[in-house]
Amino acid sequence: KRVCALDVGIKTFLSVYSDNYIDMIGSGINTEMLKICKEIDIITGRINKKKDKKSDITATFQGLCEIF
């Protein structure tokens with residue numbers, strides 16, 4: 001039987017250990033992931049601003065319609 005251990009980390013996403021083998025998956029990926037997360041945050045913020053503007057406009061028109 002072959003057995004290995006997986007170690008989840010911060011600097012290296014995943015380390016693999018076995019009897020005669022060590023490997024690292026995603027070494028140094030945290031800076032790239034941080035960049036992607038920031039881009040997602042910016043896009044999400046823009047989408048939410050557009051939704052807020054639409055709901056504000058809708059509420060204003062609904063208020064005007066109630067007056068008339």
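**A walk around the chain**

Guide: Let's start at Ile25, which is found in strand S3. Helices (H or I, at least four residues) and strands (E, at least two) are DSSP runs, numbered from the N terminus. This is a predicted model, where local features need pLDDT of at least 70, side-chain atom pairs count only at pLDDT 80 or more, and totals for chains, interfaces and linings use all residues. Residues are numbered from 1 along each chain as its sequence is written, and side-chain values use heavy atoms, with hydrogens and water left out.

Visitor: Is Ile25 buried, partly exposed or exposed?
Guide: Buried means under 20% relative accessible area, exposed over 50%, and partly exposed in between (1.4 Å probe, protein chains only). Ile25 has a relative accessible area of 40%, so this residue counts as partly exposed.

Visitor: Which residues make the nonpolar surface patch?
Guide: Patches are made of residues with over 30% relative accessible area and no salt bridge; like charges are joined within 9 Å, nonpolar side chains (Val, Leu, Ile, Met, Phe, Trp, Tyr) within 5 Å. A salt bridge here is a side-chain nitrogen of Lys or Arg within 4 Å of a carboxyl oxygen of Asp or Glu. Areas come from the Shrake-Rupley method with a 1.4 Å probe, and for residues only the protein chains shown count as cover. The patch covers about 520 Å², and its members are Phe13, Ile25, Ile29, Met33, Ile36 and Ile40.

Visitor: Which element gives the most to that nonpolar patch?
Guide: Reading from the N terminus, the elements run β-β-β-α, which comes to one helix and three strands. With three residues, the top contributor is helix H1 (residues 30–67).

Visitor: What is the order of the strands in the sheet?
Guide: Two strands pair if DSSP finds at least two bridges between them. S1 and S2 run antiparallel, joined by five bridges, and S2 (residues 12–18) also pairs with S3 in the antiparallel sense over five bridges. The sheet is open, and its three strands have the order S1-S2-S3.

Visitor: Which are the edge strands?
Guide: An edge strand here pairs on one side only.

Visitor: Which residue is the bridge partner of Asp7 in S2?
Guide: S1 and S2 form a hairpin with three residues between them. Across that pairing, the bridge partner of Asp7 is Ser15.

Visitor: And which residue in S3 stands opposite Thr12?
Guide: S2 and S3 also form a hairpin, with three residues between them. Opposite Thr12 stands Ser27.

Visitor: Is Ile10 buried or exposed?
Guide: Ile10 lies in the loop between S1 and S2. Its relative accessible area is 76%, so Ile10 is exposed.

Visitor: What separates the C-alpha atoms of Asn30 and Lys11?
Guide: Asn30 has its place in helix H1, and is partly exposed at a relative accessible area of 35%. Asn30 and Lys11 are 19 residues apart along the chain, while their C-alpha atoms are separated by 6.5 Å.
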